[in-house]
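User: I'd like to learn how to read the features of a structure file. Could you take me through one?

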Amino acid sequence: MTSFRLLSSKLKRFFKSKACIVAIFAAVCCTILFVAIANTSRVTIVDQNNEFVCTTMKKDVQDILEESEISVGPYDKVTSESENGKISVISIARAFPVTVAADGKEQTVYLTSGTAGDALQAAGITLDKDDLLSVDASSAVSKNQKIVVSRVDYDETVTTEAIPHEVTYEETSSMRVGASVVVSRGSNGTRQIRTVNKYIDGELVDTDVEKTVVAEPVTEQILVGTSNMVSPMDAPAGITLDENGVPTEYSAVITGSATAYSAREGAGTASGMKAAVGRVAVNPNLIPYGTRLFIRTTDGSYIYGYAVAADTGTALMDGRAIVDLFFDSYEESCQFGRRNVEIYVLS
(Lines give C-alpha, C1' and ligand atoms only; values in the text may rest on other atoms or scores of the structure.)
Protein backbone atom coordinates (compact mmCIF):
# COMPACT_ATOMS: atom_id res chain seq x y z
CA MET A 1 0.00 0.00 0.00
CA THR A 2 2.85 2.34 0.83
CA SER A 3 4.52 1.54 -2.54
CA PHE A 4 1.38 2.44 -4.53
CA ARG A 5 1.09 5.74 -2.72
CA LEU A 6 4.70 6.45 -3.43
CA LEU A 7 4.26 5.75 -7.23
CA SER A 8 1.18 7.92 -7.41
CA SER A 9 2.99 10.79 -5.82
CA LYS A 10 5.86 10.55 -8.29
CA LEU A 11 3.45 10.57 -11.27
CA LYS A 12 1.69 13.63 -10.00
CA ARG A 13 4.97 15.47 -9.70
CA PHE A 14 5.95 14.38 -13.28
CA PHE A 15 2.75 15.55 -14.99
CA LYS A 16 3.11 18.86 -13.23
CA SER A 17 6.66 19.20 -14.41
CA LYS A 18 7.88 21.22 -17.48
CA ALA A 19 9.26 18.12 -19.14
CA CYS A 20 5.84 16.53 -19.20
CA ILE A 21 4.27 19.49 -20.85
CA VAL A 22 6.96 19.51 -23.57
CA ALA A 23 6.50 15.81 -24.21
CA ILE A 24 2.77 16.11 -24.61
CA PHE A 25 3.11 19.08 -27.00
CA ALA A 26 5.61 17.20 -29.10
CA ALA A 27 3.30 14.23 -29.33
CA VAL A 28 0.39 16.39 -30.45
CA CYS A 29 2.50 18.13 -33.10
CA CYS A 30 3.68 14.80 -34.46
CA THR A 31 0.15 13.60 -34.68
CA ILE A 32 -0.99 16.75 -36.54
CA LEU A 33 1.99 16.53 -38.88
CA PHE A 34 1.29 12.90 -39.62
CA VAL A 35 -2.35 13.63 -40.40
CA ALA A 36 -1.39 16.59 -42.65
CA ILE A 37 1.13 14.49 -44.54
CA ALA A 38 -1.36 11.72 -44.95
CA ASN A 39 -3.99 14.10 -46.45
CA THR A 40 -1.73 16.15 -48.72
CA SER A 41 -1.62 15.43 -52.49
CA ARG A 42 0.64 16.55 -55.33
CA VAL A 43 -1.61 17.34 -58.31
CA THR A 44 -0.40 18.03 -61.85
CA ILE A 45 -2.65 20.52 -63.59
CA VAL A 46 -2.52 20.50 -67.43
CA ASP A 47 -4.21 23.61 -68.79
CA GLN A 48 -4.00 23.35 -72.58
CA ASN A 49 -0.25 23.67 -73.23
CA ASN A 50 0.57 24.86 -69.69
CA GLU A 51 1.48 22.36 -66.98
CA PHE A 52 2.32 22.89 -63.29
CA VAL A 53 2.18 21.00 -60.01
CA CYS A 54 0.35 22.05 -56.86
CA THR A 55 0.28 20.59 -53.37
CA THR A 56 -3.13 20.50 -51.78
CA MET A 57 -5.23 18.87 -49.16
CA LYS A 58 -8.38 19.47 -51.22
CA LYS A 59 -10.20 16.41 -52.39
CA ASP A 60 -12.61 17.92 -54.97
CA VAL A 61 -11.46 18.92 -58.49
CA GLN A 62 -13.33 22.22 -58.41
CA ASP A 63 -11.89 23.04 -54.96
CA ILE A 64 -8.38 22.30 -56.18
CA LEU A 65 -8.83 24.57 -59.21
CA GLU A 66 -10.24 27.38 -57.06
CA GLU A 67 -7.38 26.99 -54.61
CA SER A 68 -4.97 27.29 -57.54
CA GLU A 69 -6.93 30.32 -58.80
CA ILE A 70 -7.78 28.62 -62.10
CA SER A 71 -11.16 29.53 -63.60
CA VAL A 72 -13.04 27.24 -65.93
CA GLY A 73 -15.58 28.40 -68.54
CA PRO A 74 -19.02 26.82 -69.00
CA TYR A 75 -17.95 25.05 -72.22
CA ASP A 76 -14.46 24.00 -71.04
CA LYS A 77 -13.95 20.30 -70.43
CA VAL A 78 -12.29 19.18 -67.17
CA THR A 79 -11.12 15.60 -66.61
CA SER A 80 -9.09 14.08 -63.79
CA GLU A 81 -6.98 11.02 -63.01
CA SER A 82 -6.48 9.42 -59.58
CA GLU A 83 -3.69 7.41 -57.99
CA ASN A 84 -3.99 5.55 -54.68
CA GLY A 85 -7.36 7.15 -54.14
CA LYS A 86 -6.02 10.68 -54.58
CA ILE A 87 -6.40 13.06 -57.53
CA SER A 88 -3.07 13.13 -59.35
CA VAL A 89 -3.80 14.87 -62.67
CA ILE A 90 -6.34 17.47 -63.69
CA SER A 91 -6.64 18.23 -67.44
CA ILE A 92 -8.44 21.26 -68.79
CA ALA A 93 -9.50 21.42 -72.50
CA ARG A 94 -10.41 24.98 -73.30
CA ALA A 95 -13.45 25.54 -75.54
CA PHE A 96 -13.08 27.74 -78.61
CA PRO A 97 -15.76 29.47 -80.70
CA VAL A 98 -16.95 28.19 -84.10
CA THR A 99 -19.47 30.13 -86.20
CA VAL A 100 -22.18 28.21 -88.06
CA ALA A 101 -24.07 30.09 -90.82
CA ALA A 102 -27.29 28.51 -92.06
CA ASP A 103 -30.79 29.50 -93.09
CA GLY A 104 -30.00 33.21 -93.15
CA LYS A 105 -28.54 33.50 -89.68
CA GLU A 106 -25.31 32.86 -87.80
CA GLN A 107 -24.73 31.34 -84.39
CA THR A 108 -21.64 30.63 -82.34
CA VAL A 109 -21.00 27.28 -80.69
CA TYR A 110 -18.11 26.29 -78.41
CA LEU A 111 -16.13 23.09 -78.80
CA THR A 112 -13.00 21.74 -77.17
CA SER A 113 -12.36 19.57 -80.23
CA GLY A 114 -14.33 17.79 -82.92
CA THR A 115 -15.40 18.02 -86.54
CA ALA A 116 -17.57 20.30 -88.62
CA GLY A 117 -20.32 17.72 -88.18
CA ASP A 118 -20.01 18.10 -84.40
CA ALA A 119 -20.32 21.89 -84.76
CA LEU A 120 -23.52 21.48 -86.79
CA GLN A 121 -24.92 19.13 -84.19
CA ALA A 122 -24.08 21.61 -81.42
CA ALA A 123 -25.88 24.32 -83.39
CA GLY A 124 -28.91 22.08 -83.95
CA ILE A 125 -28.45 22.17 -87.73
CA THR A 126 -29.40 19.16 -89.85
CA LEU A 127 -28.39 18.65 -93.46
CA ASP A 128 -30.65 17.32 -96.20
CA LYS A 129 -29.12 14.99 -98.76
CA ASP A 130 -28.59 17.76 -101.36
CA ASP A 131 -27.36 20.52 -99.03
CA LEU A 132 -23.80 21.81 -99.36
CA LEU A 133 -21.22 22.41 -96.62
CA SER A 134 -18.28 24.80 -96.97
CA VAL A 135 -15.94 22.19 -95.47
CA ASP A 136 -15.97 18.42 -95.22
CA ALA A 137 -18.23 17.30 -92.39
CA SER A 138 -15.48 15.00 -91.06
CA SER A 139 -12.77 17.68 -91.03
CA ALA A 140 -11.48 18.97 -87.68
CA VAL A 141 -12.61 22.44 -86.64
CA SER A 142 -10.40 25.24 -85.33
CA LYS A 143 -10.80 28.41 -83.29
CA ASN A 144 -12.95 31.12 -84.92
CA GLN A 145 -13.64 28.92 -87.95
CA LYS A 146 -16.79 29.70 -89.95
CA ILE A 147 -18.85 26.86 -91.38
CA VAL A 148 -21.41 27.76 -94.03
CA VAL A 149 -24.45 25.61 -94.86
CA SER A 150 -26.00 26.16 -98.29
CA ARG A 151 -29.51 24.82 -98.70
CA VAL A 152 -30.12 23.12 -102.05
CA ASP A 153 -33.63 22.68 -103.42
CA TYR A 154 -34.94 21.39 -106.72
CA ASP A 155 -38.12 22.31 -108.58
CA GLU A 156 -39.31 19.94 -111.29
CA THR A 157 -41.97 20.47 -113.96
CA VAL A 158 -43.06 18.16 -116.76
CA THR A 159 -44.81 19.45 -119.88
CA THR A 160 -45.56 18.07 -123.32
CA GLU A 161 -45.35 19.63 -126.75
CA ALA A 162 -46.26 18.58 -130.26
CA ILE A 163 -43.60 17.55 -132.77
CA PRO A 164 -44.81 18.82 -136.16
CA HIS A 165 -44.96 16.12 -138.79
CA GLU A 166 -43.30 16.44 -142.15
CA VAL A 167 -45.11 16.46 -145.48
CA THR A 168 -43.64 14.87 -148.58
CA TYR A 169 -44.96 15.49 -152.07
CA GLU A 170 -44.75 13.05 -154.95
CA GLU A 171 -45.50 14.22 -158.46
CA THR A 172 -47.60 12.23 -160.88
CA SER A 173 -48.60 12.88 -164.45
CA SER A 174 -51.78 10.91 -163.86
CA MET A 175 -53.35 14.00 -162.30
CA ARG A 176 -53.74 17.50 -163.64
CA VAL A 177 -51.77 20.43 -162.33
CA GLY A 178 -53.31 21.74 -159.09
CA ALA A 179 -54.90 18.43 -158.17
CA SER A 180 -53.62 16.49 -155.17
CA VAL A 181 -54.58 13.53 -153.07
CA VAL A 182 -53.38 12.47 -149.62
CA VAL A 183 -51.83 9.03 -149.92
CA SER A 184 -51.26 8.62 -146.18
CA ARG A 185 -52.29 10.94 -143.40
CA GLY A 186 -49.61 12.38 -141.18
CA SER A 187 -49.80 13.02 -137.49
CA ASN A 188 -47.83 15.11 -135.04
CA GLY A 189 -45.60 13.41 -132.51
CA THR A 190 -45.39 14.17 -128.81
CA ARG A 191 -42.37 15.27 -126.81
CA GLN A 192 -42.16 15.31 -123.02
CA ILE A 193 -40.10 18.13 -121.51
CA ARG A 194 -38.74 17.68 -117.99
CA THR A 195 -37.35 20.87 -116.49
CA VAL A 196 -35.41 20.79 -113.23
CA ASN A 197 -34.46 24.10 -111.59
CA LYS A 198 -31.71 24.08 -108.96
CA TYR A 199 -31.81 26.67 -106.17
CA ILE A 200 -29.10 27.42 -103.60
CA ASP A 201 -30.43 29.37 -100.64
CA GLY A 202 -33.46 30.34 -102.72
CA GLU A 203 -31.48 31.63 -105.71
CA LEU A 204 -31.80 29.93 -109.10
CA VAL A 205 -28.33 28.70 -110.13
CA ASP A 206 -28.98 26.08 -112.80
CA THR A 207 -31.69 24.75 -115.10
CA ASP A 208 -31.57 21.31 -116.67
CA VAL A 209 -33.94 20.50 -119.52
CA GLU A 210 -34.45 16.94 -120.69
CA LYS A 211 -36.57 16.19 -123.74
CA THR A 212 -37.95 12.72 -124.40
CA VAL A 213 -39.89 11.70 -127.50
CA VAL A 214 -43.06 9.93 -126.39
CA ALA A 215 -44.57 9.43 -129.86
CA GLU A 216 -42.75 9.83 -133.16
CA PRO A 217 -44.39 12.05 -135.81
CA VAL A 218 -45.80 10.34 -138.88
CA THR A 219 -44.92 11.86 -142.23
CA GLU A 220 -47.84 12.79 -144.47
CA GLN A 221 -47.55 11.75 -148.12
CA ILE A 222 -49.34 13.76 -150.81
CA LEU A 223 -49.58 12.95 -154.52
CA VAL A 224 -49.68 16.07 -156.71
CA GLY A 225 -50.54 16.29 -160.37
CA THR A 226 -48.17 17.63 -163.01
CA SER A 227 -50.25 17.14 -166.12
CA ASN A 228 -51.72 20.10 -168.03
CA MET A 229 -55.04 18.28 -168.39
CA VAL A 230 -58.23 20.25 -168.90
CA SER A 231 -60.47 17.80 -167.07
CA PRO A 232 -60.40 17.94 -163.28
CA MET A 233 -61.15 14.24 -163.03
CA ASP A 234 -58.53 12.03 -161.44
CA ALA A 235 -57.33 8.74 -162.81
CA PRO A 236 -59.24 5.61 -161.91
CA ALA A 237 -57.55 3.50 -159.26
CA GLY A 238 -54.48 1.75 -160.59
CA ILE A 239 -54.23 3.85 -163.77
CA THR A 240 -51.08 5.94 -164.40
CA LEU A 241 -49.47 7.50 -167.44
CA ASP A 242 -46.25 6.18 -168.92
CA GLU A 243 -43.31 8.29 -170.07
CA ASN A 244 -45.17 9.01 -173.34
CA GLY A 245 -48.24 10.34 -171.53
CA VAL A 246 -50.32 7.28 -172.37
CA PRO A 247 -52.39 5.33 -169.81
CA THR A 248 -50.63 2.19 -168.65
CA GLU A 249 -53.86 0.19 -168.82
CA TYR A 250 -56.68 0.51 -171.36
CA SER A 251 -58.95 -1.81 -173.35
CA ALA A 252 -59.12 0.04 -176.67
CA VAL A 253 -58.01 3.18 -178.54
CA ILE A 254 -60.42 5.06 -180.78
CA THR A 255 -59.04 7.70 -183.14
CA GLY A 256 -61.09 10.36 -184.85
CA SER A 257 -62.29 13.96 -184.96
CA ALA A 258 -63.29 15.74 -181.77
CA THR A 259 -65.44 18.84 -181.40
CA ALA A 260 -66.22 21.02 -178.37
CA TYR A 261 -69.29 22.54 -176.73
CA SER A 262 -70.51 24.32 -173.63
CA ALA A 263 -73.88 24.73 -171.91
CA ARG A 264 -75.69 26.91 -169.41
CA GLU A 265 -74.98 26.30 -165.75
CA GLY A 266 -76.96 23.38 -164.37
CA ALA A 267 -77.68 21.85 -167.78
CA GLY A 268 -78.21 18.11 -167.86
CA THR A 269 -76.93 15.36 -170.11
CA ALA A 270 -78.49 12.42 -171.90
CA SER A 271 -77.21 10.09 -169.14
CA GLY A 272 -78.84 12.14 -166.42
CA MET A 273 -75.58 13.59 -165.10
CA LYS A 274 -75.10 17.34 -164.84
CA ALA A 275 -72.97 18.82 -167.60
CA ALA A 276 -69.40 19.48 -166.38
CA VAL A 277 -65.84 19.49 -167.63
CA GLY A 278 -64.77 15.87 -168.02
CA ARG A 279 -68.25 14.66 -168.94
CA VAL A 280 -68.17 14.26 -172.71
CA ALA A 281 -70.67 13.42 -175.41
CA VAL A 282 -70.24 10.20 -177.44
CA ASN A 283 -72.15 7.70 -179.55
CA PRO A 284 -73.49 5.47 -176.74
CA ASN A 285 -73.71 2.60 -179.21
CA LEU A 286 -69.92 2.84 -179.61
CA ILE A 287 -69.00 4.02 -176.12
CA PRO A 288 -71.65 3.28 -173.46
CA TYR A 289 -72.56 5.94 -170.89
CA GLY A 290 -70.41 5.72 -167.79
CA THR A 291 -67.33 4.49 -169.62
CA ARG A 292 -64.10 5.97 -168.22
CA LEU A 293 -61.89 7.52 -170.89
CA PHE A 294 -58.58 9.33 -171.38
CA ILE A 295 -58.52 11.84 -174.25
CA ARG A 296 -55.65 13.71 -175.91
CA THR A 297 -54.79 14.95 -179.39
CA THR A 298 -53.02 12.46 -181.63
CA ASP A 299 -49.81 14.54 -181.57
CA GLY A 300 -49.94 14.77 -177.76
CA SER A 301 -49.90 18.57 -177.81
CA TYR A 302 -53.30 18.96 -176.12
CA ILE A 303 -54.54 16.80 -173.24
CA TYR A 304 -58.19 16.91 -172.30
CA GLY A 305 -57.52 14.25 -169.66
CA TYR A 306 -59.65 11.77 -167.81
CA ALA A 307 -63.33 11.80 -168.76
CA VAL A 308 -66.56 9.84 -168.59
CA ALA A 309 -69.10 9.20 -171.36
CA ALA A 310 -72.21 11.13 -170.24
CA ASP A 311 -73.93 12.80 -173.21
CA THR A 312 -74.60 12.44 -176.98
CA GLY A 313 -75.49 14.53 -179.98
CA THR A 314 -76.44 14.43 -183.71
CA ALA A 315 -72.88 14.78 -184.99
CA LEU A 316 -71.84 11.90 -182.80
CA MET A 317 -74.65 9.62 -183.86
CA ASP A 318 -74.06 10.25 -187.62
CA GLY A 319 -70.27 9.82 -187.32
CA ARG A 320 -69.12 13.39 -188.03
CA ALA A 321 -67.25 13.30 -184.70
CA ILE A 322 -66.30 10.57 -182.26
CA VAL A 323 -66.43 12.80 -179.18
CA ASP A 324 -67.73 16.25 -178.21
CA LEU A 325 -65.68 17.71 -175.34
CA PHE A 326 -67.43 19.85 -172.72
CA PHE A 327 -65.86 23.17 -171.64
CA ASP A 328 -66.92 25.64 -168.98
CA SER A 329 -67.23 28.50 -171.48
CA TYR A 330 -68.14 29.09 -175.06
CA GLU A 331 -64.78 30.80 -175.63
CA GLU A 332 -62.86 27.72 -174.49
CA SER A 333 -64.90 25.46 -176.76
CA CYS A 334 -64.23 27.78 -179.71
CA GLN A 335 -60.52 27.82 -178.92
CA PHE A 336 -60.42 24.05 -179.12
CA GLY A 337 -62.45 23.96 -182.35
CA ARG A 338 -62.00 20.59 -184.09
CA ARG A 339 -58.97 18.40 -183.61
CA ASN A 340 -57.99 14.78 -184.15
CA VAL A 341 -57.84 12.90 -180.86
CA GLU A 342 -57.09 9.52 -179.34
CA ILE A 343 -59.66 8.14 -176.96
CA TYR A 344 -58.26 5.52 -174.58
CA VAL A 345 -61.08 3.36 -173.23
CA LEU A 346 -60.28 2.60 -169.58
CA SER A 347 -63.41 0.75 -168.57
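Analyst: Start with Thr 269. Leaving aside its neighbours within four places in sequence, Thr 269 is in contact with Lys 274, Ala 275, Ala 310 and Asp 311. Contact here means heavy atoms within 4.5 Å. Keep the provenance in mind: this is a predicted model, where local features need pLDDT of at least 70, side-chain atom pairs count only at pLDDT 80 or more, and totals for chains, interfaces and linings use all residues. Residues are numbered from 1 along each chain as its sequence is written, and side-chain values use heavy atoms, with hydrogens and water left out.

User: Where does Thr 269 lie?

Analyst: Secondary structure first: helices (H or I, at least four residues) and strands (E, at least two) are DSSP runs, numbered from the N terminus. Thr 269 falls in the loop between β15 (252-261) and β16 (279-281).

User: Which backbone oxygen lies 2.7 Å from a polar atom of the Thr 269 side chain?

Analyst: That of Met 273. A polar contact is a pair of N or O atoms within 3.5 Å; within protein, one must be able to donate a hydrogen and the other to accept it, and residues adjacent in sequence count only if both atoms are side-chain atoms.

User: What does the side chain of Lys 146 make a polar contact with?

Analyst: The side chain of Glu 106, at 2.7 Å. In sequence Lys 146 and Glu 106 are 40 residues apart, while their C-alpha atoms are 9.3 Å apart in space. Lys 146 belongs to strand β8 (residues 145-150). With a relative accessible area of 44%, Lys 146 is partly exposed.

User: How many aromatic pairs does a search of the whole structure find?

Analyst: Rings of Phe, Tyr and Trp (its six-membered ring) pair if their centres lie within 6.5 Å; planes under 30 degrees apart count as stacked, over 60 as edge-to-face and the rest as tilted. The search finds eight pairs. Take Tyr 75 and Tyr 110: the ring centres are 4.8 Å apart and the planes at 15°, so this pair is stacked. The pair links distant parts of the chain, with Tyr 75 in the loop between α3 (61-67) and β3 (77-83) and Tyr 110 in strand β6 (residues 105-111), 35 residues apart. Now Phe 327 and Phe 336: centres 5.8 Å apart, planes at 35°, so the pair is tilted. Both Phe 327 and Phe 336 are buried. There is also one aromatic cluster, formed by Tyr 250, Phe 294, Tyr 306 and Tyr 344.

User: Which ring does the charged end of Arg 339 sit over?

Analyst: The test is NZ of Lys or CZ of Arg within 6 Å of the ring centre and within 35 degrees of the ring normal. Arg 339 sits over the ring of Tyr 302, 4.8 Å from its centre.

User: How many bridges join strand β1 to strand β2?

Analyst: Two strands pair if DSSP finds at least two bridges between them. Seven bridges join β1 (residues 41-47) to β2 (residues 50-56), and the strands run antiparallel. Val 46 stands opposite Glu 51 in β2. Two residues lie between the strands of this hairpin, where Gln 48 takes a positive phi near 55°.

User: What about the whole chain?

Analyst: The protein chain has six helices and 20 strands. Of its 347 residues, 31% are buried.

Methods
Buried means under 20% relative accessible area, exposed over 50%, partly exposed in between (1.4 Å probe, protein chains only).
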